[in-house]
Amino acid sequence: MKTVVHKADSRGFANHGWLQANHSFSFASWYQPEKVHFGALRVLNDDIIAPKMGFGTHPHDNMEIITIPLKGVLKHRDNMKDDWQEVRPGEVQVMSAGTGVQHSEINGSVDEYLSLFQIWIIPDKRNVAPRYDQKKFSSEGRKGKLQTLVTSIDSKDEESLKIHQDAKLSRIDLSKGETFTYNLMSKDHGVYIMNISGESEINNEVLESRDALGISETDRFNILSKTDSELLFIEVPMIEL
């Protein structure tokens, strides 16, 4: 088993006033050569956005973009459908940028901060037709069990959102003292675990809020929840850039 530990306070941080951004991987002006990617996972940003503020229209191409709101309301608009879409906690949004897409993202509240994860995954197919989707997932569906959020567009899993990569995003909420075994889809994959909240132990490594652990070269690993905890798993092929 190969592991890499990313403590919360080791992430890149940018304070733009309206945006407080934490970068798990090199992003914008923050560059760390040892933190460019984890396999096909290229970006994991943990953003807090002020009320009524956000990102104006900007382009993307050939990237799979997943957004997970944790608190507040996200409003999204793109050139595939020129009206605002609301994405709330419990929902997940996916966008295949493909040949190119223009979009805007703003905090849809006038008085509440928006907290979200934005994840970029390198696709296994380039220049596909852009696409957008979102779905609501119940909190009950991840209590003590794995809730699959996103899988490959080639997967037969009909309950998950789809991206152009042999990846899987999932969540679990564990109670104090609860254990769980995560089984990887392939030994050629790795899993990047973001400890959203609480305290958990994986491979003798204790993860606190927003700590992360990358695991590869294994087919499974065990988790012990030392307090009530929430975890996000991003399983991806361990490609080289």
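The model is a predicted one.

**Stop 1**

Together they form an open sheet of 4 strands, in the order 16-21-18-19, with antiparallel pairing. Which strands stand at the edges? They are strand 16 (179-183) and strand 19 (205-207). Each has a single partner strand, so one side of each is left without a neighbour in the sheet. On average, neighbouring strands here are turned by 25° against each other, direction ignored.

Now zoom in on strand 16 and strand 21 (residues 220-225). The two run antiparallel and are joined by 5 bridges. For a landmark, pick T179: opposite it, in strand 21, stands L224.

**Stop 2: R210**

Move on to the loop between strand 19 and strand 20 (212-216), where R210 is found. Is R210 buried or exposed? It is buried: its relative accessible area is 17%, and the cut-off for buried is under 20%.

Show the side chain of R210. It has a polar contact of 2.6 Å with the side chain of D46. A polar atom of the R210 side chain also lies 2.8 Å from the backbone oxygen of I196. Next, display the surroundings. Beyond its neighbours within four places in sequence, R210 is in contact with A8, R11, D46, L70, S115, F117, M194, N195 and I196.

**Stop 3: N195**

One of those contacts of R210 is N195. Select N195 in strand 17 (residues 189-197). Its relative accessible area is 0%, so N195 is buried.

What does the side chain of N195 meet? It makes a polar contact with the side chain of S200, at 2.5 Å. Then turn to G198: its backbone oxygen lies 3.0 Å from a polar atom of the N195 side chain. Leaving aside neighbours within four places in sequence, the contacts of N195 are S200, L207, E208, S209, R210, D211, E230 and L231.

**Stop 4: H76**

Go to strand 7 (residues 74-78) and pick H76. H76 has 0% relative accessibility and counts as buried. Its side chain makes a polar contact of 3.5 Å with the side chain of H103. Not counting residues up to four places away in sequence, H76 touches D83, W84, Q85, Q93, M95, H103, S104, E105 and Y132.

From the C-alpha of H76 to the C-alpha of S24 is 23 Å in space, while the two residues are 52 apart in sequence.

**Stop 5: the nonpolar cores**

In soluble globular proteins, nonpolar side chains tend to be buried together. In this model, the largest nonpolar core has 26 residues. Select L41, I66, I119, I121, V150, L232 and I234, the residues with the most contacts inside it. Which elements give two or more residues to this core? They are strand 4 (41-49), strand 6 (64-71), strand 9 (91-96), strand 11 (114-121), strand 13 (147-152), strand 14 (161-163), strand 17 and strand 22 (229-237).

Centre the view on I234. Not counting residues up to four places away in sequence, I234 touches L41, L44, I119, I121, K168, L169, G190, V191 and Y192.

Note on methods: Residues numbered from 1 in each chain as written. Predicted model: local features only at pLDDT ≥ 70, side-chain atom pairs only at ≥ 80, totals over all residues. Heavy atoms only, no water. Pairing = 2+ DSSP bridges. Axes fitted to C-alpha atoms, helices over the stretch in contact; angles between N-to-C directions. Buried < 20%, exposed > 50% of the residue type's maximum accessible area, 1.4 Å probe, protein only. Polar contact = N/O pair within 3.5 Å; in protein donor to acceptor, adjacent residues only side chain to side chain. Contact = heavy atoms within 4.5 Å. Core = buried A, V, L, I, M, F, W, Y, C linked by side-chain atoms within 4.5 Å.
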